[in-house]
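Biologist: I have the model open and want a quick tour. Can you walk me through it?

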Amino acid sequence: MTELTRRTLARAAAAAPLLAAAAVAAGAGPAAAAPRRRTTVFVAGDSTASVYPESAAPRAGWGQALPVFATPRLAVDDRALSGASSKSFADLGLLDGILVDLRPGDRLLISFGHNDEKTSDPDRGTDPATTYPQYLRRYLDGARQRGALPVLVTSVERRRFDADGNALASHGAYPQAVRDLAAAEGVPLIDLQALSLALWQRLGPDGTRAYFLWLAAGAAHYPDGVADNTHFQAHGAIEVARLVADELHRRHLVPPGSLCGLHAPVADDRLVWPAAI
């Protein structure tokens with residue numbers, strides 16, 4: 001076991017109680033051990049989707065923001081882990097943990113790629129033509145075996161622009177690998193890579209700064225400032241979650257009445273940041 005694996009295992013173990021508490025606080029309902037009457041949307045993904053503690057605010061993941069669009073008929077259980085790839089998430093047993101809690105009729109959103117692209121890292125890197133879809137199939141098969149609906153989600157785009165202000169794709173062959181897998185397996189696809197790239201194009205280089213973790217020096221929790229073109233602050237997490245929620249609603253991937261406020265403004269303070277990890 002490498003040092004990275006040991007550190008990631010420790011983070012995952014420490015985060016488990018936090019994620020459960022965050023899910024309840026955000027409207028995800030009772031613990032998994034209690035009978036569930038609502039549909040639960042589980043999120044398996046990386047740092048762009050994960051829950052962050054109050055000490056990292058306003059940094060937030062789109063899975064953390066998804067509950068702001070959920071009605072009491074829908075629970076959101078965000079298990080995404082910062083630094084995870086489709087491979088490391090499964091190898092660390094986090095997929096197995098979700099499968100234990102999945103019930104018939106639940107949904108599993110599967111969104112990896114940012115860290116699969118790190119092919120020099122043997123703990124996380126996958127090949128888009130071979131091992132990436134092979135690992136993703138484990139999520140699909142596990143969900144379907146339990147009567148749940150898997151939904152593949154391509155990676156949200158980073159904030160990258162050329163000299164003319166055109167938003168640039170940054171994920172190489174990975175999004176197309178997800179599209180091909182969804183078509184081959186007959187499972188729903190939310191093309192978040194294409195949706196977010198179009199949104200960044202409309203907003204432009206300046207407008208996207210309010211979505212990503214760009215903060216001036218002196219900001220709470222970021223005294224030296226930060227210019228992060230991968231991760232979101234609250235506003236961006238909410239708007240990316242809106243893209244996902246709108247697709248879930250438009251394509252009838254969740255029961256009627258599960259989502260609300262899809263076209264209404266959402267205040268950043270609607271997000272829930274757990275106290276600590």
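Modeller: Buried means under 20% relative accessible area, exposed over 50%, and partly exposed in between (1.4 Å probe, protein chains only).

Biologist: What should I know about the model and numbering?

Modeller: This is a predicted model: local features need pLDDT of at least 70, side-chain atom pairs count only at pLDDT 80 or more, and totals for chains, interfaces and linings use all residues. Residues are numbered from 1 along each chain as its sequence is written, and side-chain values use heavy atoms, with hydrogens and water left out.

Biologist: Back to β1. How many of its residues are buried?

Modeller: Seven of seven, so to speak: strand β1 covers residues 39-45 and is mostly covered. Helices (H or I, at least four residues) and strands (E, at least two) are DSSP runs, numbered from the N terminus.

Biologist: Which strand does Phe42 face at Asp77?

Modeller: That is β3, where Asp77 stands opposite Phe42. β1 and β3 (residues 74-78) run parallel and are joined by five bridges. Two strands pair if DSSP finds at least two bridges between them.

Biologist: And what is the partner of Phe42 in β4?

Modeller: Leu108 is the bridge partner there. β1 and β4 (residues 107-111) pair in the parallel sense, over five bridges.

Biologist: What is the strand order in that sheet?

Modeller: β3-β1-β4-β5-β6, an open sheet of five strands with parallel pairing. β3 and β6 (189-190) stand at the edges with a single partner strand each, so one side of each has no neighbour in the sheet. Further along, β4 and β5 pair in the parallel sense over four bridges. Ile110 has Leu152 in β5 as its bridge partner.

Biologist: Next, Thr154. Where is it?

Modeller: Thr154 sits in the loop between β5 (149-153) and α6. Thr154 counts as buried, at 0% relative accessibility.

Biologist: Which residues is Thr154 in contact with?

Modeller: Leaving aside neighbours within four places in sequence, they are Ser111, Pro175, Val178, Arg179, Leu189, Ile190, Asp191, Leu192 and Gln193. Contact means heavy atoms within 4.5 Å.

Biologist: Switching to helices. At what angle do α5 and α6 cross?

Modeller: Roughly 40 degrees, for α5 (residues 131-145) and α6 (residues 174-185), with axes that come within 10 Å. That makes α5 oblique to α6. Angles under 35 degrees count as roughly parallel, over 145 as roughly antiparallel, 65 to 115 as roughly perpendicular and the rest as oblique.

Biologist: Which residues make the contact?

Modeller: From α5, Tyr132, Pro133, Leu136, Arg137, Leu140 and Arg144; from α6, Tyr174, Ala177, Val178, Leu181 and Glu185. By class, the contact of α5 with α6 has eight nonpolar, no polar and three charged residues. Ala, Val, Leu, Ile, Met, Phe, Trp, Tyr, Cys and Pro count as nonpolar, Asp, Glu, Lys and Arg as charged, and the others, Gly among them, as polar.

Biologist: Now the backbone. Which residues does the cis peptide bond join?

Modeller: Ala57 and Pro58, with omega about 15 degrees. Pro58 lies in the loop between β1 and β2 (59-60). Most residues other than glycine have a negative phi, and most peptide bonds are trans.

Biologist: What is the phi of His221?

Modeller: Positive, about 75 degrees, although His221 is not a glycine. His221 is in the loop between β7 (212-215) and β8 (226-233). His221 is partly exposed, with a relative accessible area of 37%.

Biologist: And His252: buried or exposed?

Modeller: Exposed, with a relative accessible area of 67%. His252 has a positive phi of about 55 degrees and is found in the segment after α8 (234-250).

Biologist: Last one. How many helices and strands does the protein have?

Modeller: Eight helices and eight strands. Of the 277 residues, 55% count as buried.

Definitions and conventions:
Axes are lines fitted to C-alpha atoms, for helices over the stretch in contact, and angles run from 0 to 180 degrees between N-to-C directions.
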